[in-house]
Amino acid sequence: MELKEKAFKSVSRKAHPEDTVIDIGGGVKFGGGNFTVIAGPCSVESEEQIVGIAKSVKKSGARALRGGAFKPRSSPYAFQGLKALGMDYLLEAKRETGLPIVTEILNIAHLSLFRDVDVIQVGARNMQNFELLKELGKTDKPILLKRGLANTLQELMMSAEYIMSEGNARVILCERGIRTFEGVTRNTLDLSCIPIIKEATHLPVIVDPSHSTGIARLVAPMSYASMAAGADGLIIEVHNDPENALCDGDQSILPAEFDFITQKLKMMAGLFDKKL
Ligand code: PEP
Ligand code: MN
């Protein structure tokens with residue numbers, strides 16, 4: 001089955017044969033042979049937590065900091081994020097480390113809180129929230145668009161088109177695993193989608209080995225496999241105390257494990273024509 005490119009004209013490589021390189025600020029780029037790693041906790045839990053993790057992942061080679069302030073949780077009784085206070089802590093981590101920040105938006109009414117955010121994440125659960133996508137298409141912020149839990153590549157391309165069709169050309173795609181009948185892993189990482197997406201579009205695409213597996217010990221092998229598959233980078237959950245994390249502890253790796261992974265990726269980069 002071929003992708004139907006007529007439905008995603010601006011996203012298609014036919015419209016733009018060269019790779020799009022997205023500069024998120026601070027000299028950090030996605031695409032065009034760069035292999036760019038975003039790291040940080042699932043959720044911002046305290047100022048000490050986010051600043052501490054930011055400092056250690058930066059030392060290991062992360063180029064941007066992730067951390068959710070607004071969390072889309074399956075249960076309404078689960079931790080929902082620190083919201084505006086979490087945004088303040090993220091901005092403090094940015095001031096102290098210089099790392100650009102990546103954080104998820106759940107509601108367009110919160111947009112004013114994202115003024116100093118470098119990349120706005122649209123999570124899997126909102127990949128087809130078309131009104132949200134259209135509004136983000138009117139902003140000048142880079143958008144990290146995650147593949148939905150049960151969405152096809154055709155649908156991912158069309159969601160990126162929603163953003164681009166409103167004028168915002170800075171879209172970074174993210175494969176984060178899809179729902180299948182398999183229950184051992186949290187999701188099934190569809191790595192074969194990476195070369196397909198790279199053929200179909202000029203936009204950069206990164207992999208989230210944390211949500212796609214749900215298991216911390218699988219993050220390393222899936223990170224290496226993502227580089228081999230041709231991804232433009234990774235987004236990895238790193239926590240200083242995974243056992244007590246307020247969200248996604250089972251898939252969060254320690255800063256030392258993150259350091260090991262980035263060292264190995266640096267060794268691999270030359271082989272796969274990537275700069276890291
Ligand atoms: C996240 O990145 O913390 C997240 C909620 O991811 P996803 O939308 O891929 O589930
Ligand atoms: Mn998470």
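Analyst: Gladly! Let's start at the ligand, where a polar side-chain atom of Gln121 lies 2.9 Å from an oxygen atom of ligand 1. Keep in mind that this is a predicted model.

User: Which backbone atom lies 2.7 Å from an oxygen atom of ligand 1?

Analyst: That is a backbone N or O atom of Ala124. Arg176 uses its side chain instead: one of its polar atoms is 2.6 Å from a ligand 1 oxygen. On its own, ligand 1 has 300 Å² of accessible area, and the protein covers 97% of that.

User: How many residues surround ligand 1, and how do they divide into nonpolar, polar and charged?

Analyst: There are 13 around ligand 1, the closest being Arg66, Ala124, Arg125, Lys146 and Arg176. The shell divides into 7 charged, 3 polar and 3 nonpolar residues.

User: Now the helix. How do I read a pattern of buried residues?

Analyst: The general idea is that an α-helix has 3.6 residues a turn, so residues three or four places apart point the same way. Here, take α7, which spans residues 219-229: Val219, Ala220, Ser223, Tyr224, Ser226 and Met227 are buried. They lie on the same side of α7 because they cover an arc of only 155° around the axis.

Technical notes:
Residues numbered from 1 in each chain as written. Chains lettered and ligands numbered in written order. Predicted model: local features only at pLDDT ≥ 70, side-chain atom pairs only at ≥ 80, totals over all residues. Heavy atoms only, no water. Buried < 20%, exposed > 50% of the residue type's maximum accessible area, 1.4 Å probe, protein only. Helix = DSSP H or I, 4+ residues; strand = E, 2+ residues; numbered from the N terminus. Arc of directions from axis to C-beta. Near = heavy atom within 4 Å. Polar contact = N/O pair within 3.5 Å; in protein donor to acceptor, adjacent residues only side chain to side chain. Areas by Shrake-Rupley, 256 points an atom, 1.4 Å probe, with all protein chains shown as cover. Nonpolar A, V, L, I, M, F, W, Y, C, P; charged D, E, K, R; others polar.
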